[in-house]
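Please look over the sequence and the coordinates before reading on.

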Amino acid sequence: MRIRTIKPEFWRSEDIASLALADRLLFIGLWSYVDDNGVGRDDSRIIQADLFALEDPLSESSVSVQEGLDRLFSAGLIHRYSVSGKRFLHVTNWELHQKINRPTPGRYPLPTCDDAETHEPLTESSVSPQSILSAGTEEQRNRGTVNKHLSDAHASNEKEFTQFYSKYPKKEGKEAARRAFKAARKKASLGEIMDGLEKYLVAIEGRDRQFWKQPATWLNAGSWMDEYDTVQQSSSAYWRPVVRDG
């Protein structure tokens with residue numbers, strides 16, 4: 001574990017504010033967990049032992065760590081990958097989070113190394129080519145069919161994401177937005193997301209760009225479900241979603 005610093009702007013970041021408090025604590029804890037190059041083992045058991053040593057390992061905390069890592073990954077705050085069969089994570093934009101004097105060499109490879117294989121966020125119902133290969137002869141015979149299904153699903157998701165991103169007014173953090181969109185589509189249809197975006201576009205029309213949300217932040221917060229106050233205000237006025245009962 002290492003001593004790290006937290007910049008004041010961390011607490012006002014929209015991307016961080018969209019996270020649950022437990023996930024914010026986990027994200028900060030990862031800074032002390034990873035090496036000076038921002039890389040650590042992607043193993044929830046090790047992370048829990050280092051960050052939450054006094055928690056009962058048989059409690060729900062172990063599940064919370066794993067689910068928290070999944071959410072940080074979906075939000076684009078960590079990068080998950082494998083090298084030679086070993087799983088690693090890298091804190092996204094590590095150099096912006098930490099300025100380290102005389103950094104020590106990292107023990108683990110960066111995600112930019114030639115042998116790194118990037119992971120995609122998975123759900124319990126997800127099927128990966130790796131799991132098929134390890135499941136035996138029958139699964140190997142079906143590998144081509146499953147790979148085609150995964151390829152078609154990826155192409156469909158990418159087409160929908162392109163439709164969303166081309167409409168979203170703030171073109172920043174595209175990779176994080178892509179991951180957030182994939183997670184959002186598990187909760188809502190494309191039509192529901194696009195309808196919510198249309199309302200959001202009306203609400204921010206004529207308002208200062210600094211108040212527009214990052215696309216990943218908008219998606220992670222489920223903002224397509226918000227109802228917006230569209231009464232005209234000056235560009236410098238503070239605005240917010242209006243939540244109505246019923």
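How many nonpolar, polar and charged residues does the lining of the second largest pocket have? By class, that lining has ten nonpolar, seven polar and eight charged residues. The model is a predicted one, and every value below is computed from it.

**The second largest pocket**

- The volume of the second largest pocket is about 650 Å³, and 25 residues line it, of which S13, D15, L77, N93 and H97 lie nearest its centre.
- At least two lining residues are supplied by each of helix 1 (14-17), helix 2, helix 5 (94-97), helix 9 (174-184) and helix 11 (215-220).

**The largest cavity**

- The count of cavities of 30 Å³ or more comes to one, and the largest cavity holds about 40 Å³ of space.
- The residues that line the largest cavity are D15, S18, A75, L77, A216, T217 and N220, and helix 11 gives the largest share of this lining, with three residues.
- Sorted by class, the cavity lining has three nonpolar, three polar and one charged residues.

- Helix 2, which runs over residues 21-33, has 13 residues and reaches 18 Å from its first C-alpha to its last, close to the 18 Å expected at 1.5 Å a residue.
- The buried residues in helix 2 are D23, L26, F27, I28, G29, L30, W31, S32 and Y33, and helix 2 is also one of the helices that each supply at least two residues to the lining of the second largest pocket.
- Helix 10, which runs over residues 190-204, has 15 residues and reaches 21 Å from its first C-alpha to its last, close to the 21 Å expected at 1.5 Å a residue.
- In helix 10 the buried residues are L190, I193, M194, G196, L197, Y200, A203 and I204, while just after this helix G206 takes a positive phi of about 80 degrees.

- E160 lies in helix 8, which spans residues 143-167, and E160 counts as buried because its relative accessibility is 16%, where the cut-off for buried is under 20%.
- The side chain of E160 makes a polar contact with the side chain of R185, at 2.6 Å.
- When neighbours within four places in sequence are left aside, E160 is in contact with F181, R185 and L190; of these, L190 is one of the buried residues of helix 10.

- Most residues other than glycine have a negative phi, which is the background for the next two points.
- N93 has a positive phi of about 55 degrees although it is not a glycine, and its place is in the loop between strand 3 (86-91) and helix 5.
- R102 counts as exposed because its relative accessibility is 77%, where the cut-off for exposed is over 50%.

How values were computed:
Residues numbered from 1 in each chain as written. Predicted model: local features only at pLDDT ≥ 70, side-chain atom pairs only at ≥ 80, totals over all residues. Heavy atoms only, no water. Helix = DSSP H or I, 4+ residues; strand = E, 2+ residues; numbered from the N terminus. Buried < 20%, exposed > 50% of the residue type's maximum accessible area, 1.4 Å probe, protein only. Polar contact = N/O pair within 3.5 Å; in protein donor to acceptor, adjacent residues only side chain to side chain. Contact = heavy atoms within 4.5 Å. Expected span 1.5 Å × (residues − 1). 1 Å grid on protein atoms, 1.4 Å probe; cavity = no way out; pocket = protein on both sides within 12 Å on 5 of 7 lines; lining within 4 Å. Points joined across faces, edges and corners; volume = space filled by probe spheres on them. Nonpolar A, V, L, I, M, F, W, Y, C, P; charged D, E, K, R; others polar.
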